Amino acid sequence: MTVSRRGIFGWLMFDWATQPVFTLITTFIFAPYFAGRFMEDGVAGQAYWGYATATAGILIAVLSPLLGSIADITGRRKPWIASFSVLLMIGALLLWFSEPLAPGGSHTSAIFLVLGAYILVTIGAEFSTVFTNAMMPDLVPPERLGRLSGTGWAIGYAGGLVSLVIMLGFLVASPESGKTLLGMVPLFGLDPVAAEGTRATGPLTALWYLVFVLPLFLFTPDSAKRQSMSFAKAARQGVSDLITRVKRARQDRPLFLYLLAHMLYVDGLIALFAFGGIYAQSVFGWDTTKLGIFGIFLTITGVAGALIGGRLNDRLGSIAVIKGSIIILILSSIAILSVEKTAILFVVPVSTSVAELCYYLIGGVIGAAAGPLQSASRTYLAEITQPHERTGAYGLYAMVGKVTSFAGPLAVGLLTFISQSQRIGISALIVFLVAGFIVLTFAAKSARQP
């Protein structure tokens, strides 16, 4: 199947369309706002955010492999992408209703509304990604998969960068000065005191996604329809195919170990990005503008890392890139947790400005390593699966990436609650990264055996 440049462009634009979900909502703008200002208690906010992330992870883990199997049976992927895109946009729009608590007021119902909306956004983005990833091997020859995947991640990071600039330059203003990062009054009369610029993260993400996902539907070819059957019949067959696929994965030792490793290290990565901005807000008291600038820097390093990683993937192989990225993330996570407001490496006293600079630099390294890790991970799965089972395989891949994804955020949330320390809570993610690296080492050794 020969795919035009327009078709490849449409597929690449999906990463651009979805990135604000992770850049604006999950990491740099909305999550720190929720924990620090909306909840008014960083410890409780981090714990609640962890519970919501865990809930979304459980739902994705349970449903993604089944839906992937059904899509393999019926053939088409775009209808699934469209359905979950609607969930993403509805959830993002609902985030607008996260108004800060009025003095003496209570907003328990609003907390659950906001967390429910965040779960919808996460489910919509992750499920859409399952079906879009499955299109990848139909677009380019196997020897170009690494570059395609890396380019997609780079374009996604670039989309996150542009969306951050728009938010900080034109919408989010300091409550003290009333001006945005560019020294402007916020567009549309958004009130900084009511955090309307920050709350606009949700509607902007929904509109952004709607506009930029269109090339995927207009230009990128879908798989041909394979079978015509009712959803109930397809679901029954999908369950049967899923059970068979899981059994085969268990019999294929290298594949089984790889999926187990992926399950662990992605869990650590999810927790790292889910709580990195929240932790920075706690340590330095950064407002939305400073967190956004931090996000811009990480996004720039992420673009460079994804582009370089895609080419290293084609040259060195997926496993080498994955292992190298995990090592960098482990060391960087330890380093970033060693930074305090007036100290680095836990005990070395420094000024606050130096500590902030170190946090920036370490964060940049994390951004540069995350892109290659995710890009090489999805490329490797395409290398070891057959075309007729690819969507189901990516559903299984999403499942193992999510089946314990609730465990990382939940561990962070519970450990934070028990210790009443955000640093101790976040340290749990390092365990997942280390465990993933160890299992991946066994997977690589198993793959080399005759």
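At what angle do helix α1 (residues 5-28) and helix α5 (residues 108-133) pack, and how far apart are their axes? They pack at an angle of about 155°, and the axes lie 11 Å apart. The structure is a predicted model, in which local features need pLDDT of at least 70 and side-chain atom pairs count only at pLDDT 80 or more, while totals for chains, interfaces and linings use all residues. Residues are numbered from 1 along each chain as its sequence is written, and side-chain values use heavy atoms, with hydrogens and water left out.

**Confidence and overall make-up**

- The mean pLDDT (the predictor's confidence in each residue, from 0 to 100) is 81 for the protein, and 82% of the residues score at least 70.
- The protein contains 18 helices and two strands; these are DSSP runs numbered from the N terminus, with helices being H or I of at least four residues and strands E of at least two.
- Of the 450 residues, 58% are buried, where buried means under 20% relative accessible area, exposed over 50%, and partly exposed in between (1.4 Å probe, protein chains only).
- Counting contacts (heavy atoms within 4.5 Å) between residues at least 6 apart in sequence, 82% join residues at least 24 apart.

**Helix packing**

- Two packed helices are described by the angle between their axes and the distance between the axes.
- Axes are lines fitted to C-alpha atoms, for helices over the stretch in contact, and angles run from 0 to 180 degrees between N-to-C directions.
- Helices α1 and α5 are therefore roughly antiparallel to each other; angles under 35 degrees count as roughly parallel, over 145 as roughly antiparallel, 65 to 115 as roughly perpendicular and the rest as oblique.
- The residues of α1 that meet α5 include W11, F14 and F22, and their partners in α5 include Y118, V121 and T132.
- Helix α12 (residues 288-316) and helix α13 (residues 318-337) have axes that come within 7 Å and cross at roughly 130°, and α12 and α13 are therefore oblique to each other.
- In this pair, G309, L312, N313 and L316 of α12 meet S318, A320 and V321 of α13.

**Buried positions in helices**

- Q19 lies in helix α1 and is buried, with a relative accessible area of 8%.
- Not counting residues up to four places away in sequence, Q19 touches G156, Y157 and G160.
- I60, in helix α3 (residues 42-74), is buried at 1% relative accessible area; I60 and T122 are 62 residues apart in sequence and 9.0 Å apart in space, C-alpha to C-alpha.
- G302 belongs to helix α12 and counts as buried at 0% relative accessibility.
- Leaving aside neighbours within four places in sequence, G302 is in contact with Y157, G367 and A368.

**Backbone in the loop between α6 and α7**

- Most residues other than glycine have a negative phi, and most peptide bonds are trans.
- F188, in the loop between α6 (145-171) and α7 (196-199), has a positive phi of about 65° although it is not a glycine, and F188 counts as exposed at 74% relative accessibility.
- A195 lies in the loop between α6 and α7 and has a positive phi of about 55°, but A195 counts as buried at 3% relative accessibility.
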